[in-house]
Amino acid sequence: MKQQTRSAILAAIVVLALGQGFIQHVLDPQIREIHKGEKTALAGLSNEFILGPMLGLQQAVAGALWVRADEFFHEGDYDAILPMVRMVTWLDPHQLDVYITGAWHLSYNFTDSNERSDRRYIPAAQRLLEEGYENNKTLYDIPFELGWENTDKIKDYDRAETWFRVASAAKSSDAGPGTLADSPMFTWHQLAHSLERQARIDEAADIWRKVLGLTEARLAKNPTDFSTKNVRDSERHNLELLLKRKFSRYTHEIDFELDAKRTTGINPQTGEPTPKDSFTSTDPKEGPVGQPRPPAVTKPWNTAFNTVPLEQIGKPRATTTITFDKPKVMDIKGLFSVGDGARVAIRLHDADWYEPTLKDFTFDIDQSQTIMQDALSVRSRTWGRKIDMSRDPKMYSFSKDAANDPKLKKLSDAERKKIADYYLVLWFDPRGTSPFIQDKFGWSGEGMTDPGYLWVVKSNKPGIKPDNRIIRKVYRLRHAQIMGIEKVTEDDVIPNAEYDRIQEDMAAKHRATVSTNEP
Amino acid sequence: MVTMAIAKQTLEDMLRRKILLILLIVAVGMIALGPSVGFLSPRESSVVLKSLGLAVILIAGLLITILAGIQVIPTEIERRTIYTVLSKPVQRFEFVLGKFLGGLATVFVMIAAMGIVFLGVIYWQQHNLPREMVTGVAMTFFQMMLLGAMAIFFSTFATPVVNFFLTFAIFMVGNMSSVTESLTSNKNPATKLLATVLHYILPNFGNFNIQNKLIHPEQTLSNPSVFIFQNIVYAIIYSAILLLLAILVFDRREV
């Protein structure tokens, strides 16, 4: 080869090298965007999986790991699934089902011997889903799951509403990869339900009217579409029921049995049924015959909630119907004058417990923490159960014991006895109860009264969301009582205001350490 | 014309190699078994099928390209058949180019065969043919084109065994381009310099790792067509650099 040719080739190489460097520089920001959310997970992978990511096969390794995780699930080895969820979401942060299934495992599948969920995993489930949302903001699936968890598991209808709003504004790829359509109607339906759960009835009705309009427009274009017809009928039914309930509870009580026979329709704005005699009294006990019945919530209903034996109610130093005959085995009974089907919620937790908000996802939990939550059904005005926590020492360690804490040895016995190790909270929230009970109490417990334990929870959105009236009774317990060494008495009851102050202090301490993960 | 004749002969020779055909058959078999993960949900099955299918094509393509690339020139030298070729009015650069094009055609045929089976399996399972999967197969081909050029360059001065490990190692390092890119903004000046040199001098095979976007097309780039075009141009330019270097080295080499 001639020297001139060699020189020309070398010059061409230099020019091309500069060209490829320039193109690489242009590609780099786009590649960063593509790999956003991915993390190198090599350190946690077993040998057969390490080569994959090194050859650029993260997604294939993620898929293989998820198949393996599915096998573990079917074998019931739930602990093995969690590290795999972490690994898969690092390798492929766009696998929505991994985030959703992983969060479901954390929230629902770690249970005690009586299938009570281990609530210590709930913050991890929330954080996992939030991380999934940060990596997949286009689609509705993960925000919808967040909304659902907050509704079903956590009963935080505020946060549920926030996430359902995000879900309903997002897109759907349910029709197939690469297709983006509006989010499905059920995201809007759940938004309406979450507003109803907060007693924001007019807003909920507005959502139902909006989606009904959209569905009817879609049906007009395709009148024979059976599934759209079903959706339209369901939305119409939900709107009418909501308006009827509102009318019955707050304007004139409707007899829902007679209603089906006498009513021909309802006013779509007010819920007022036609003909008007659907809400007039037919029984002198209800009021003057032929006159409109008063609103259901104006007939105060005394729920007479208590955990004291009947014969001791009102007596000083009354005993309770809460006993620990064996260590960590609680036998609890109570009275509650409501219809069958209502549930009394019960939570026994460490005195310094506050549900944390995690900054980063981790499935490590504080094993020394104790929290037990359950819901007990009311039958014939009584409720109760024996809750045996001794069979699950990992979940219920009951490690807090101020009386024997060496760090508190400077305090006297009397002072130590005043320190709470645990709180036992018993409550009934009308917002989460069945509609037929709400028909008497209203969405915010307006029709409910109780001589001892009625408590008003102030709204965090004044003017938008009404205050809520709940029934709540809180016991301050010590380790010795949980172990059955000392008895639980009514002297252990603390005022609801004091419990609220304690929770606010915990919330403030927690807020100081982490930032919010709201969208 | 001479170049094309050499390319055609190389292609015919490569397609007769049993090792390459065995790799192809195994890869096609693995792709065809993809739908057996049907016990997952439909969306998960789709993701796993696509990711595994693209992975099989990549790994099989990698092995086929390296095995073909490391042998095309050394084999001719070992068998002494190169003398017959170079004694004719064939320039050395025509020989190198012809070998490269022949190897590239071999890789194209193999990847096309796997791609057709892969797209067929997807169509059978999902009753549609996502354009992103065609893009994925095409990107794998261009990635292998760059890899093949590198193997040809090394084969002009290294033995096949050394070439195999060298090419494989550079492929692995090149796949970690997102790591080297992030290190170019490291506070340590030595690390920053080394990362910058590695990132802009070594071929970045990681540019072609866009399975994420292909498998989850809802995660859109601002302009995917431009990105793919830039990647193809990158592959062509870098391959040209390697071939020119190969020509320069081979021109001086004693055979």
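This is a predicted model: local features need pLDDT of at least 70, side-chain atom pairs count only at pLDDT 80 or more; totals for chains, interfaces and linings use all residues.
Which residue takes a positive phi in the hairpin of β6(A) and β7(A)? The legends below take you there first.

View 1. Residues are numbered from 1 along each chain as its sequence is written, while chains are lettered from A and ligands numbered from 1 in the order in which they are written. Strand β6 (residues 322-326) and strand β7 (residues 329-335) of chain A run antiparallel and are joined by three bridges; strands pair if DSSP finds at least two bridges between them. Helices (H or I, at least four residues) and strands (E, at least two) are DSSP runs, numbered from the N terminus. K326(A) has V329(A) of β7(A) as its bridge partner. Two residues lie between the strands of this hairpin, and K328(A) is the residue with a positive phi, near 65 degrees.

**View 2. Backbone details in two loops of chain A.** Look for the cis peptide bond from T274(A) to P275(A), with omega near -5 degrees. P275(A) sits in the loop between β4 (273-274) and β5 (301-302) of chain A. A residue is buried if 20 or more other C-beta atoms lie within 10 Å of its own, exposed if 12 or fewer, and partly exposed in between, with C-beta atoms placed from the backbone. A304(A) has 17 other C-beta atoms within 10 Å, so it is partly exposed.

**View 3. R80(B) between two helices.** R80(B) lies in the loop between α3 (42-79) and α4 (81-87) of chain B. Its phi is near 70 degrees, a positive value in a residue other than glycine. R80(B) counts as exposed because it has 9 C-beta neighbours inside 10 Å.

**View 4. Helices α2(B) and α3(B) side by side.** The axes of α2 (residues 18-32) of chain B and α3(B) come within 9 Å and cross at roughly 175 degrees; axes are lines fitted to C-alpha atoms, for helices over the stretch in contact, and angles run from 0 to 180 degrees between N-to-C directions. The crossing therefore makes α2(B) roughly antiparallel to α3(B), a term for angles over 145 degrees. Residues making the contact include L23(B) and A27(B) of α2(B), and A60(B) and L63(B) of α3(B). Two residues are in contact if their C-beta atoms, placed from the backbone, lie within 7 Å. By class, the contact has 14 nonpolar residues, one polar and no charged. Here Ala, Val, Leu, Ile, Met, Phe, Trp, Tyr, Cys and Pro count as nonpolar, Asp, Glu, Lys and Arg as charged, and the others, Gly among them, as polar.

**View 5. Where chain B meets chain A.** Here 51 residues of chain B are in contact with 42 residues of chain A. On the side of chain B that touches chain A, α11(B) gives the largest share, 14 residues. That side of chain B has 28 nonpolar, 16 polar and seven charged residues.

**View 6. The two domains of chain A.** Chain A is divided into domain 1 (42-245) and domain 2 (302-511), with bounds from an automatic or database domain assignment. Their contact takes 23 residues from domain 1 and 27 residues from domain 2 of chain A.

Methods:
Angles under 35 degrees count as roughly parallel, over 145 as roughly antiparallel, 65 to 115 as roughly perpendicular and the rest as oblique.
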